[in-house]
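Q: I have a predicted model open. Can you show me how to read its pockets and its metal site?

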Amino acid sequence: MRDYKTSYKILKSSLEEKGVNVSKVEKKLKALKIETPSWGYSDSGTRFAIFKQKGAAKNVKEKIQDAAEVHKVTGICPSIALHIPWDVTDNWNALLEYSLSLGIKPGAINPNLFQDPDYKLGSLCNPDGKVRKKAINHVLECIDIAKALKSKDISLWLGDGTNYPGQDDMRERKHRLEDSLKEIYDNLQDDMRILIEYKFFEPAFYNTEIADWGMAYNLCMKLGNRAMVLVDLGHHALGTNIEQIVAYLLDEGKLGGFHFNNKKYADDDLTVGSINPYEFFLIFNELVSAEEDGIKADIAYMIDQCHNLKPKIEEMIQSVENIQKTYAKALIVDRKSLKKFQQDEDIIMAEKIITEAFETDITPLLFKVREEMGVPLDPLEFFRDSGYLEKIQIQR
Ligand code: PSV
Ligand code: MN
């Protein structure tokens, strides 16, 4: 076991000097839960090619096995998001039992409204009523699956949009979308939520039906309090201030979940925190700040990444570690001093408080938390030494 105790003591006392309640930080870190996506464990590709990986999960059971392994080594990933029909099985009760037997639960159910050839001109907004009905029925089927799996969130993203000016009537598409969503919302079980995900373009290149957080928010407001906005970090135009969107939605009580990933250009689905860790930290800073101010929010933290180059399970563990580290840094922001400097209009010192937390090496604190949780201090290293990957490469 690594000897981190001395550096932990030094870090703890320097944080306490700044008024940070370290045991509260540790408690919060232990309570963090991140959902990993089933589609992150199977073969995927770019729009040019699929690069297969030896041992990649080929069916939902294998995806659950891999997600359970990620949970085993990190201790904070107790659920797996499912995508329908990619993860369809003929016995949902048996799948639920299988999942629980491996120590994880099914999480958000993601309907797929973008792959069927019938959705070429849209799903819930399609000009053809028969196609809209088919799309609505698919989401209703997902609600039934969620019931069977005891999942509470339906996570909805549409590829709906048009490619050319004049292709369709934008206001009519908006009305179709609202009507379709209303029918779906009315069929949710009382304790279920629908998380509405926006994306500014792709696969449509001229207009996209739910292009930004404002449109998603407006739809949610029209639907009711069980409709919440989902922020996928890769779904904004370059330069968008995502942390402000997060702060705004938190304040309005309409932030329901995240799809964590990172991007350089558009929806790149790169490892969370790999390209712009400071932006990611500033997002968590808003989450923690709202929580400290007493804003209650039920936010599903989900990863949405599928990797073609990195080994999939290792990549997922790396992502989880990045999220945990970033959350820890946001938790140690000296908020009292920050408020004071903001009131004093001392911009230099206010910003310094933020960067100081971001630049702190938080590793000893993470080691302490992991040790107390009974998980490896270095999950990635542990996984590499465990032989799991070699085992599934032979078995699968
Ligand atoms: C769309 O780009 C998206 O972010 C949605 O969440 C989909 O469900 C997922 O990616 C599919 O990979
Ligand atoms: Mn997403």
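A: Start with the lining of the largest pocket. Its residues divide into 15 nonpolar, 14 polar and 12 charged.

Q: How is such a pocket found, and how much space lies in the largest pocket?
A: Rolling a probe the size of a water molecule over the atoms shows where empty space is left. Here the largest pocket holds about 1,400 Å³. It is lined by 41 residues, and G45, T46, D267, D269 and C306 are the closest to its centre. Strand 3 (105-111) and strand 4 (153-156) are the elements that give two or more residues to this lining.

Q: What lines the second largest pocket?
A: About 830 Å³ of space lies there. Of its 30 lining residues, K33, D298, I299, A300 and Y301 are the closest to the centre. Strand 3 gives the most, with four residues. The lining divides into 15 nonpolar, three polar and 12 charged residues.

Q: Which residues are the protein donors of the manganese ion (ligand 2)?
A: E197 (OE), D232 (OD), H259 (ND1) and D304 (OD), at 2.1 to 2.2 Å from the ion. Their spacing in sequence is E-x34-D-x26-H-x44-D. One pair links distant parts of the chain: D232 in strand 8 (227-232) and D304 in the loop between strand 10 (300-303) and helix 10 (312-331), 72 residues apart.

Q: Is D232 buried or exposed?
A: Buried means under 20% relative accessible area. D232 is buried because its relative accessibility is 0%. D304 is buried too, at 11%.

Conventions. Residues numbered from 1 in each chain as written. Chains lettered and ligands numbered in written order. Predicted model: local features only at pLDDT ≥ 70, side-chain atom pairs only at ≥ 80, totals over all residues. Heavy atoms only, no water. Donors = N, O, S within 2.8 Å, 3.2 Å for Na, K, Ca; no water. Buried < 20%, exposed > 50% of the residue type's maximum accessible area, 1.4 Å probe, protein only. 1 Å grid on protein atoms, 1.4 Å probe; cavity = no way out; pocket = protein on both sides within 12 Å on 5 of 7 lines; lining within 4 Å. Points joined across faces, edges and corners; volume = space filled by probe spheres on them. Nonpolar A, V, L, I, M, F, W, Y, C, P; charged D, E, K, R; others polar.
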